[in-house]
Amino acid sequence: MPAFVLLTVLTAIRILSRNRLRAGLTMLGIIIGVGAVIAMVSIGEGAKAAVAQRVASMGTNVIIVLPGSTTAGGVRGGQGGAVTLTMSDGLDLKKRIPLLRDTGWAKRDVMQIVNGNKNWNGPVNGISPSYLTIRDWSFASGGPFTQQDVDAAARVALLGQTMVGNLFDAGEEPVGAMIRIKNVPFRVVGVLAPKGQSAQGSDQDDIIFIPFSTAERKVFGTQFLGSVGALFASTERVEDLGPAVDQIRETLRLRHRLQSEQEDDFTIRTQVDIGKVQEGTSETMTVLLFAVASISLLVGGIGIMNILLVSVTERTREIGVRMAVGAKRRHIVMQFLIEAMTLSVVGGCLGILFGVLGARLTTVIAGWPTIISGNTVATAFVFSVAVGLFFGLYPANKASRLNPIDALRYE
Amino acid sequence: MPPLIRCEDLWKIYALGDVEVQALRGLNLSIERGEFVAIMGSSGSGKSTLMNILGCLDQPTRGRYWLNGIEVAALRADQLADLRNQQIGFVFQSFNLIPRTSALENAQLPLFYRGLPLREQRALAMTALGRVGLQGRERHYPTQLSGGQQQRVAIARALVTSPSLLLADEPTGNLDTTSSREIMTILDRLNKEQGITIMLVTHEAEIAAYAERKVVIQDGRVLTDRRTRPGLSLSPTEV
């Protein structure tokens with residue numbers, strides 16, 4: 001039997017190479033199908049990894065609490081419009097909920113920032129020192145400000161990479177430099193390591209951090225002392241996020257004296273929720289990809305079936321001769337199945353080759369990240385074998401059911 | 001020992017649309033090992049149907065057929081394939097070589113389906129090609145061979161399994177006189193020297209004259225069955 005299979009494969013390759021144009025055109029469907037799938041999956045995986053990295057850049061097990069909207073005479077403000085969250089909410093949450101590793105808060109505003117003859121309009125965030133650890137910010141140079149800086153409302157600032165690029169010349173050392181935010185002088189004490197794009201696509205490095213107290217008293221000019229733009233918290237383990245969210249909601253409702261029929265005056269989101277939104281997008285991509293792959297493999301398979309049916313007709317006499325000298329039905333079935341699978345496997349391999357090249361080209365030309373996983377390639381290969389097997393079955397069966405006498409006399 | 005071929009009351013009835021065609025009507029025939037038999041008859045006499053049944057390509061509607069003591073009518077398709085592979089060699093009018101496949105591979109074909117190791121297949125096919133005088137042409141494709149040579153490849157393919165019966169259906173029908181004589185000489189020699197039983201269907205008296213026994217079929221029955229040249233091995237041109 002192994003000798004039979006080996007010889008049949010060799011025969012199939014010879015028969016197909018005899019008619020290269022026809023074999024090539026037959027394989028085209030599979031080549032394009034598999035190639036497109038490989039290229040698109042690679043791009044999709046690359047995009048997914050990039051998104052996952054952005055979600056991860058938020059920090060570790062982060063919970064964000066945003067203030068709710070205001071309602072004034074039936075007119076509702078947008079999310080975060082109300083000043084319902086305060087520093088003391090943040091402090092109290094940490095005290096009451098042991099699941100929380102830390103809590104922090106921030107308040108942001110866009111301001112004009114000046115360094116020497118350069119200036120830039122960018123977001124200024126007043127933060128608690130814990131904010132930096134919750135969001136996993138690390139330092140390129142210098143270091144964070146201290147609790148003493150916060151207590152003293154010191155005029156110290158931390159700069160993101162984009163901000164540094166816009167305010168300083170290349171090679172100029174920002175740490176120790178004096179900059180002005182809304183005409184208030186600040187000393188730069190640290191430069192943050194780059195974080196890249198956020199999950200929403202904004203540049204996280206275009207930022208200045210200053211102590212929350214300084215922002216409140218010396219820069220922003222707050223109406224309600226202690227009100228924050230957002231509260232941040234983190235948990236030790238990812239499984240704790242759910243219970244922590246419930247406990248935060250309960251605590252905040254109590255603190256805000258909300259009746260049971262009243263809606264929350266805040267919104268809680270976790271890193272996991274944000275990640276899920278992104279996953280949903282990539283799931284849609286996967287479904288589309290699957291549809292494209294199925295259709296192209298179907299078309300490719302029908303091409304193979306078609307050419308095999310032609311081949312069975314062309315070689316009717318040959319089939320008759322083979323039967324006359326002792327070929328059984330299964331021998332004839334095997335012969336045509338192996339031919340179909342040779343077509344689809346060679347087509348599949350060429351498709352994989354083109355797909356990988358296409359993905360590489362996309363990275364080189366468009367600069368999109370692509371990931372070619374062994375899994376994808378293996379799946380594509382298995383699918384092309386399966387297509388050959390499935391679409392070869394009908395012609396092979398048809399050939400094997402020929403009556404040897406009729407086949408021998410076929411003109 | 002039973003005869004190589006024994007047919008008892010063979011009937012073959014085809015339904016062509018509404019019309020029923022009786023190709024064989026109670027044919028009886030018995031052939032011993034080592035015989036060289038010519039089957040003759042006009043077209044429509046049923047000789048092709050008989051050859052198909054004797055060659056285990058077809059089954060009779062009624063009646064019994066023993067090949068080498070095996071009752072063929074009881075066999076399934078796969079068993080018939082085995083029987084064809086082991087007991088019978090076919091030579092056709094139109095050679096029926098597999099196109100674009102070398103002489104050697106054509107001669108190997110029956111052994112391929114027998115599942116012999118490749119090396120053994122090659123060796124046996126080489127020997128068979130040698131026996132029909134085609135040494136040195138093993139790598140030739142059918143298109144590179146003359147009609148006579150192609151038919152010799154077909155004979156080598158029929159011989160390679162050392163069958164007990166060689167069925168030749170008008171083997172010289174597509175050949176010129178010289179090639180026909182070559183082919184008949186080879187068949188004659190195989191019969192005389194190797195003792196292979198040969199059944200030959202032909203229209204031509206000259207070709208039939210090589211055989212020792214001439215069976216004429218008419219209307220699906222044996223009309224005459226005569227032993228023409230018992231033991232004689234001279235070709236007609238030499239008579």
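Why does A:K195 count as buried? In this predicted model, A:K195 counts as buried because its relative accessibility is 16%, and the limit for that class is under 20%.

Figure 1. A:K195 is located in the loop that links β9 (184–192) and β10 (208–211) of chain A. Leaving aside residues up to four places away in sequence, A:K195 touches A:S57, A:R135, A:D136, A:W137, A:Q204 and A:D205. The side chain of A:K195 comes to 2.8 Å from the backbone oxygen of A:R135. A polar atom of that side chain also lies 3.5 Å from the backbone oxygen of A:D136. Between A:K195 and A:D265 there is a separation of 70 residues in sequence and of 31 Å in space, C-alpha to C-alpha.

**Figure 2. The two domains assigned to chain A.** Domain 1 is made up of 2–53 + 277–409, and domain 2 covers 69–264. The C-alpha centres of domain 1 and domain 2 of chain A are 56 Å apart.

**Figure 3. The interface of chain A and chain B.** Here 24 residues of chain A are in contact with 26 residues of chain B. About 2,300 Å² is buried between the two chains, and carbon and sulfur atoms give 58% of this area.

**Figure 4. A salt bridge between A:R14 and B:E105.** The side chains of A:R14 and B:E105 meet at 3.1 Å, N to O. Across the interface of chain A and chain B, 2 salt bridges are found. On the side of chain A that touches chain B, two or more residues each come from α1 (2–18), α10 (316–324), α11 (329–366) and α13 (404–409). The residues of this side comprise 11 nonpolar, 4 polar and 9 charged.

Definitions and conventions. Residues numbered from 1 in each chain as written. Chains lettered and ligands numbered in written order. Predicted model: local features only at pLDDT ≥ 70, side-chain atom pairs only at ≥ 80, totals over all residues. Heavy atoms only, no water. Contact = heavy atoms within 4.5 Å. Buried area = accessible area lost by both parts, 1.4 Å probe. Salt bridge = Lys/Arg side-chain N within 4 Å of Asp/Glu carboxyl O. Helix = DSSP H or I, 4+ residues; strand = E, 2+ residues; numbered from the N terminus. Nonpolar A, V, L, I, M, F, W, Y, C, P; charged D, E, K, R; others polar. Domains from an automatic or database assignment. Buried < 20%, exposed > 50% of the residue type's maximum accessible area, 1.4 Å probe, protein only. Polar contact = N/O pair within 3.5 Å; in protein donor to acceptor, adjacent residues only side chain to side chain.
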